[in-house]
Amino acid sequence: QVQLVESGGGLVQAGGSLRLSCAASGRTFSSYVVGWFRQAPGKEREFVAGLGWSGSSTYYADSVKGRFTISRDNAKNTVYLQMNSLKPEDTAVYYCAATERRYLSSGYFYTLLNVYEYWGQGTQITVSS
């Protein structure tokens, strides 16, 4: 079992930056595929970014491409989401997710919620205009 805990959320003005962290405990998840998702009030949870176990494969939702960067530090068992140029529409609860799958055959699979076995509790991001 892996437990995921997100941190780094908060209130920020439009145009600002935040970095989310997702710390894993229970097992070393350096070989896991990881992802970030978000859920705004009244909306379904949606894919934000995904990262392969080696760190070389990254995938982003079109809405965040060029503004967000996903990365991992396997030595610290931590995944990050650097968010720049934040917009009010980025306001949501952000969730970290992980799957024991070492490899996904295409970027499409990174976007699917049911691919991931482990989820964090979420952290709120609010972007004011």
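**Links across the chain**

Modeller: In this predicted model, Arg101 has a relative accessibility of 39% and therefore counts as partly exposed. Glu117 is likewise partly exposed, with a relative accessible area of 39%.

Biologist: In what kind of contact do the side chains of Glu117 and Arg101 meet?

Modeller: They meet in a salt bridge, with N to O at 2.8 Å. Glu117 lies in the loop between α1 (107-110) and β10 (118-119) and Arg101 in the loop between β9 and α1, so the pair ties together parts 16 residues apart in sequence.

Biologist: How many salt bridges does the structure hold?

Modeller: There are five. Asp90 bridges to Arg38, their closest N and O atoms being 2.9 Å apart.

Biologist: Are Asp90 and Arg38 buried or exposed?

Modeller: Both are buried. Asp90 also forms a salt bridge with Arg67 (2.8 Å, N to O), and Arg67 is buried as well. A network of salt bridges links Arg38, Glu46, Arg67 and Asp90.

Biologist: Which residues does a disulfide join?

Modeller: Cys22 and Cys96 are joined, with an S to S distance of 2.1 Å. Cys22 is in strand β3 (residues 18-25) and Cys96 in strand β9 (residues 92-99), 74 residues apart. Both cysteines are buried.

Biologist: Why is the disulfide called left-handed?

Modeller: The torsion about the S-S bond of Cys22 and Cys96 is about -80°, so the disulfide is left-handed.

Note on methods. Residues numbered from 1 in each chain as written. Predicted model: local features only at pLDDT ≥ 70, side-chain atom pairs only at ≥ 80, totals over all residues. Heavy atoms only, no water. Disulfide = S-S within 2.5 Å. Helix = DSSP H or I, 4+ residues; strand = E, 2+ residues; numbered from the N terminus. Buried < 20%, exposed > 50% of the residue type's maximum accessible area, 1.4 Å probe, protein only. Salt bridge = Lys/Arg side-chain N within 4 Å of Asp/Glu carboxyl O.
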